[in-house]
Amino acid sequence: MDFIIGGLAGVGATIITNPMDVVKTRLQLQGELKAKTEQSTRYRGIFHALYVIARADGALALQKGLAPAMLLGFTMNSVRLGMYHVAEVQGWTKTKDGEISVNRAIFWSSASGVLSGVAANPTFVLKTRIQAVAHPSIAVGRQHSYKGMFDGIATIYRNEGMRGFFAGVSATCTRLAIGSAAQLTTFSTVKEELRSRGYWENSPTMLAFVASLFSSVLCVVFETPLDVVNTRLYNQGSGSHGAVLYTGILDCITKIYKTEGFHGLYKGLGPLYLRIAPHTTLSLVIWDILNNMLIHKKL
């Protein structure tokens with residue numbers, strides 16, 4: 001039940017934040033491996049991207065990749081939040097005195113992040129490629145024409161085999177280990193600190209909301225460079241679609257830094273924050289509410 005609750009929390013948050021994910025993907029692929037002076041700017045920012053996507057492909061295009069994104073939200077968060085909650089309930093994240101141990105919390109949140117990355121990587125690949133597809137006038141990055149989620153699954157398997165579903169898996173696990181450590185450890189620590197000081201004792205939802213705001217900021221700062229790397233590795237596909245641009249995490253980071261500069265590693269920071277902040281807040285608050293409901297039901 002802990003894992004199902006985590007998955008439902010992720011799905012609920014995904015439905016609301018998916019448009020920002022589409023914008024983030026486009027901004028991260030824009031000007032791929034080109035110096036700033038050589039880049040043609042299709043999207044000039046978050047609001048311009050929302051406008052041109054809706055104008056060129058229709059308003060529904062802002063929800064591109066929603067099906068795999070929801071599957072991703074359930075798969076990733078059921079493992080990540082479910083495993084971390086089990087560690088919390090068993091007391092594995094606390095000291096002998098019952099206080100939060102930062103080191104233990106970091107370990108269990110990172111471990112849950114790595115396992116969720118392996119489980120969810122196929123949906124990451126599928127979601128990114130579907131979100132990247134656009135009208136030629138605003139297209140950026142390599143374009144993969146799938147008729148839908150199931151066609152995408154069949155096409156990837158036919159052209160790239162099982163390996164295609166695990167493109168960028170090492171970067172995924174690294175990003176989720178770091179992101180989960182920043183997100184879940186901060187969430188647990190801040191929530192415990194606020195509770196000990198007597199804040200929102202009678203409002204667990206408000207307590208979870210405030211704690212999640214802190215965790216989302218740290219999450220974005222640490223995650224963005226690896227999120228850019230993930231997007232590039234997911235979208236490049238196999239050599240059959242043209243030259244493979246990146247051979248791995250370090251090669252990708254090096255090439256982005258050399259051609260696009262430090263700014264290239266923080267592309268899509270704005271929409272990533274606008275996606276992660278509400279996604280973190282919604283998923284952690286929903287997760288906290290559902291867990292509290294389950295605890296009261298058991299009592």
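Predicted model: local features only at pLDDT ≥ 70, side-chain atom pairs only at ≥ 80, totals over all residues.
Local features require pLDDT of at least 70 and side-chain atom pairs pLDDT 80 or more, while totals for chains, interfaces and linings use all residues. Residues are numbered from 1 along each chain as its sequence is written, and side-chain values use heavy atoms, without hydrogens and water.

The protein chain contains 10 helices and zero strands; helices (H or I, at least four residues) and strands (E, at least two) are DSSP runs, numbered from the N terminus. The C-alpha trace spans about 55 × 35 × 35 Å along its principal axes. Of the 299 residues, 53% are buried, where buried means under 20% relative accessible area (1.4 Å probe, protein chains only). Contacts are defined by heavy atoms within 4.5 Å. Among contacts between residues at least 6 apart in sequence, 80% join residues at least 24 apart.

Cys-219 is buried at 2% relative accessible area, and Cys-252 is buried at 0%.

Lys-191 lies in helix H7, which covers residues 169-196. Its relative accessibility is 11%, so Lys-191 counts as buried. Beyond its neighbours within four places in sequence, Lys-191 contacts Thr-186, Leu-207, Ala-211 and Asp-288. The C-alpha atoms of Lys-191 and Val-210 are 7.9 Å apart, with a sequence separation of 19 residues.

Key. Buried < 20%, exposed > 50% of the residue type's maximum accessible area, 1.4 Å probe, protein only.
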